[in-house]
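Student: Could you help me learn to read how helices pack in a model like this one? I would like the general idea each time, and then the case at hand.

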Amino acid sequence: GKFNTGFGDVRGKNGIIIVEPSLHSNSEQFGHYKWKRTGILPELPLNIALQLPQRSGDSFSTLTRSEAADFVSNHNSETYPQLLTQRIGYLLKNPPVQNTRHGTFQRFLCLAMKDAAAGFYSANYALVEIEMVFNSFKSVTDQTPREFESMALWAMAQVDAMTKDEIAIHSLTTAPHLSDKLMNWVRNHD
């Protein structure tokens, strides 16, 4: 949304709520979750609600590993592979702060999977490269089990649910120079 970096996590659709005494994913070290505070959950203040984007369209939780394998196999074109290099370069120059890494990479993966669906670069190549960058920001020992995989499965599900028209709009707004029809129109209307 419109929050500055360093705010923390605001969870909505596809967020999680963990209740006491759920077992922590690293239960050997942390045991069970325990409430720090209890009471009535207040309504989200309007000034915060206005900073959050509205959900658009349906949101889907995640793909199965088999569905993800199909997604990767179906999105292997490379009409604009240098775009991934540019996107990763920008991320490296503007790294997320500690409390925003998960959300930043989740959004980044969603963008990369949209690019892959548009045929700019292969989904497999993007996943491999982005995972290496994620691991450089957040060591594997600091990650929850299968953290990157769960973010990738979620991102692929969001993109898999998009219509062909939505992918086409993403393609044209991201790289209009790749559309012969659009660029011919531009040349004829200079």
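Tutor: Gladly! Let us begin with contact, which means heavy atoms within 4.5 Å. Helices here are DSSP runs of H or I with at least four residues, and strands are runs of E with at least two, numbered from the N terminus. This is a predicted model, so local features need pLDDT of at least 70 and side-chain atom pairs count only at pLDDT 80 or more, while totals for chains, interfaces and linings use all residues. Residues are numbered from 1 along each chain as its sequence is written, and side-chain values use heavy atoms, with hydrogens and water left out.

Student: Which helices do the buried residues of α5 pack against?

Tutor: Buried means under 20% relative accessible area, exposed over 50%, and partly exposed in between, with a 1.4 Å probe and protein chains only. The buried residues of α5 pack against α3, α4, α6, α7 and α8 (164–174). Among those buried in α5 are F105, F108, L109 and M113.

Student: How many residues does α5 have, and what span does it reach?

Tutor: The expected span of a helix is 1.5 Å times one less than its number of residues. With 17 residues, α5 reaches 24 Å from first C-alpha to last, close to the 24 Å expected. Just after α5, G119 takes a positive phi of about 90°.

Student: Where do the buried residues of α6 sit around its axis?

Tutor: In α6, A123, A126, L127, I130, V133 and F134 are buried. They cover an arc of only 135°, so they lie on the same side of α6; the arc is that of the directions from the helix axis to the C-beta atoms. M132 and S136 are exposed on the face turned away from that buried side. The cover over the buried residues includes α3 (65–74), α4, α5 (101–117) and α7 (147–160).

Student: At what angle do α4 and α6 cross?

Tutor: Axes are lines fitted to C-alpha atoms, for helices over the stretch in contact, and angles run from 0 to 180 degrees between N-to-C directions. Angles under 35 degrees count as roughly parallel, over 145 as roughly antiparallel, 65 to 115 as roughly perpendicular and the rest as oblique. The axes of α4 (residues 82–93) and α6 (residues 123–137) cross at roughly 10° and come within 11 Å, so the two helices are roughly parallel. L84, I88, L91 and L92 in α4 meet α6 residues including Y125, E129 and F137.

Student: And R146, is that residue buried or exposed?

Tutor: R146 counts as exposed, at 57% relative accessibility. This residue lies in the loop between α6 and α7, and its phi is near 55°, a positive value in a residue other than glycine.
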